[in-house]
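Dear colleague,

Please find the structure below, handed over for your review.

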Amino acid sequence: MPGPAGTPGWQLTHPGPEHAIEGYTDHTSVLPGRQVRLFVSTTAAHYTVTAYRMGGYRDSDALRVWQSPPQQGHVQAAPVVQHPTNTVVAPWQPSLTVPTDGWAPGDYLFRLDGDDNAQQFVPLTVRSPDNHGKIVIVNAVTTWQAYNQWGGYSLYNSPSGSKADRSRAVSFDRPYQARDMQGAGDFLYFELPLLRFAEQAGLPLGYATDVDLHADPHLADGAAAIVTLGHDEYWSTAMRQHVTAARDHGVNLAFFGGNEIYRHIRFQPTALGPDRLEVDYKSFDEDPDHLTNPLEATTEWRSPPFPRPESVLLGDFYQCNPVHADLRAADETNWLLSGIVHNGQVLPGLVGNEYEQVDLAVPTPRPIEILFHSPLTCEGRPGFADTSYYTTPSGAAVFAAGTQYWICALEPGCANDHDDTTAHQAISAITLRLLSTYAAGPAGHAHPAHDNVAALAVSGAAANPVPTVPPDNSATP
C-alpha cells in the first residue's frame with residue numbers, strides 16, 4: 001500500500017573530499033522525545049543538519065522531520081589510537097543537541113550539509129518504547145562498526161595493511177567511514193530495502209539496534225517477531241540469550257542475511273556511556289578474558305575451547321565467501337513457496353556474497369525444512385546454500401535466508417539478480433507472506449516445519465528425526 005508522501009532529494013549528491021564533513025552521535029538509539037548529541041567536524045565555515053526518517057514513503061525513501069539553523073563549522077581534533085587494542089576514537093566536543101520530540105520510532109539519517117556543498121550522513125535509531133504485537137527490525141550496528149575503518153583501523157584492517165595490526169576493540173565514539181558507507185554504516189545497502197518493503201506493506205513494526213537487543217532483556221516481550229537484516233555477524237552473549245528466550249516464548253525469528261551470529265563480542269563503556277566499545281580479539285588465547293572469564297573470550301562462536309555454533313538458533317551454519325550462484329527452489333509444497341515458485345526453479349544471482357547451509361555435523365534444530373537448496377562452489381569446494389525454516393514447541397517459527405543477497409531482490413533493479421523481474425516478484429511475495437503471517441503470532445502452530453533434509457540427501461540425515469531444539473549454551477561450557 002502506498003505510504004504518505006516523502007521528501008525527495010535526501011541522497012548525498014556531493015560527499016566532498018574525505019573528512020570535509022562528518023559526525024557521530026552519543027547514542028546508537030534513543031527513545032522518542034529523548035535528546036541526542038551530535039559531534040561534527042568540518043572544513044566548511046557553516047553547516048546545517050537535516051533529519052530524515054527512512055522507510056516506505058510515497059515517491060521517496062525518506063521524510064524530513066527536522067532541520068537545524070546554520071551552525072558554526074570547525075575542524076575537530078585528530079583521531080586518537082588507543083593502545084594496545086588499536087581502538088580509534090574521535091575525541092571531539094559536542095556540536096549541537098537534537099531534540100526528538102514528536103518523532104515516530106524508526107530509522108533516521110542526519111544529513112550534514114556544509115556551505116562548501118560537502119555532505120555526509122550520521123545514523124540514529126529511534127527505538128520503540130513497546131514492542132508488543134510488533135515485528136522488531138534490528139539494525140546491525142555492531143557489524144557496521146566492525147567493518148568501519150574510519151581513522152585507519154577496523155576489526156579487519158589497519159593503515160599498514162597488516163591484519164595483525166587491526167583493532168581488537170572498536171568504538172562508537174567516531175564517525176562511520178565516507179567511502180562505501182557514506183557515514184551511514186551498512187544501513188543503505190543491507191537494511192533500507194527491507195525496511196521500505198515492510199513499511200509499504202503496512203506491517204506493525206518495532207525498531208531497535210543490536211546494542212538494544214544486548215542491553216534490554218525485555219525488548220521482545222510480547223513481540224510478534226524479531227527480524228535481522230542483510231549482515232548481522234557480531235553478537236554478544238546477551239544478544240543470543242535474549243533472542244533464544246524470545247523464541248522459546250513464541251516470538252518468531254527471521255534472519256535475512258548469510259552470516260549471522262558468527263563473531264563473539266562483548267561490550268565495554270566509553271566516556272560517552274555504556275556499551276560504546278565493541279571488543280573482539282578473534283582469538284581465545286590473545287583475549288585477556290581467557291584467563292579471567294573464558295566464556296566471554298572473543299573467538300568465533302563455533303570455535304574451541306567452548307564451541308557454541310550459531311546453528312542452534314539459526315538453523316543454518318555459515319560456510320564460505322565470496323560466492324555468486326543462483327537460488328534454486330527445493331520445497332514447493334511449503335506454505336512460504338506454494339504457488340510462488342516450483343521445485344528446480346532458479347532465481348538468478350541471489351546466492352552471495354556469503355552463504356549458509358544446513359549442516360548436521362553441528363547441533364541443528366529438527367524438524368527443519370530446506371526451502372531453497374542451491375548448488376555452488378566456493379574456494380574450490382562444492383556445497384549448497386540453504387534457505388531454511390524450523391519451528392519449536394513454543395510455536396515460534398525461524399526463517400534463515402542463508403544468503404546476503406535476499407534483501408537486494410526486494411528492490412527493482414537489484415544488481416545481483418540483474419534486475420530479474422521473476423526473482424524480484426518471487427522474493428517479494430515470499431517475504432510478504434512470511435512477515436504477514438509472523439505478525440499474527442507464533443507461526444509454527446499453523447505452519448509446522450516438515451523435515452525434508454533426508455529427501456534432499458543432506459549428509460547425516462535420516463527420515464523422521466526426533467524433534468529437538470539444541471540448548472543455546474552461550475553462557476555455559
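Cys414 is buried, with a relative accessible area of 3%; here buried means under 20% relative accessible area, exposed over 50% and partly exposed in between (1.4 Å probe, protein chains only). The model is predicted: local features need pLDDT of at least 70, side-chain atom pairs count only at pLDDT 80 or more, and totals for chains, interfaces and linings use all residues. Residues are numbered from 1 along each chain as its sequence is written, and side-chain values use heavy atoms, with hydrogens and water left out.

Cys414 is joined by a disulfide to Cys408, with an S to S distance of 2.0 Å; a disulfide is a pair of cysteine sulfur atoms within 2.5 Å. This link of Cys408 and Cys414 is right-handed, with 115° about the S-S bond. Cys408 is also buried, at 10% relative accessible area.

By this rule there are two disulfides. Cys320 and Cys378 form a disulfide with their sulfur atoms 2.0 Å apart, and their link is left-handed, at -80° about the S-S bond. Cys320 lies in strand β20 (residues 317-320) and Cys378 in strand β24 (residues 368-378), so the pair ties together parts that are 58 residues apart in sequence. Helices (H or I, at least four residues) and strands (E, at least two) are DSSP runs, numbered from the N terminus. Cys320 is buried at 3%, and Cys378 is buried at 1%. With bonded cysteines counted along the chain, the disulfide pattern is 1-2, 3-4.

Ala439 belongs to helix α8 (residues 421-439) and is partly exposed, at 25% relative accessibility. Neighbours within four places in sequence aside, Ala439 is in contact (heavy atoms within 4.5 Å) with Gly133, Ile135, Pro204 and Ala224.

On a 1 Å grid over the protein atoms alone, a cavity is a set of points where a 1.4 Å probe fits but cannot get out, and lining residues have an atom within 4 Å of a point. Grid points are joined across faces, edges and corners, and a volume is the space filled by probe spheres set on the points.

The largest cavity has a volume of about 200 Å³. Its lining comprises 23 residues, of which Thr25, Pro123, Leu124, Trp144 and Tyr176 lie nearest its centre. Strand β11 gives the largest share of that lining, four residues. The second largest cavity holds about 30 Å³ of space, and its lining residues include Phe284, Pro294 and Arg308.

Yours sincerely

Key:
1 Å grid on protein atoms, 1.4 Å probe; cavity = no way out; pocket = protein on both sides within 12 Å on 5 of 7 lines; lining within 4 Å.
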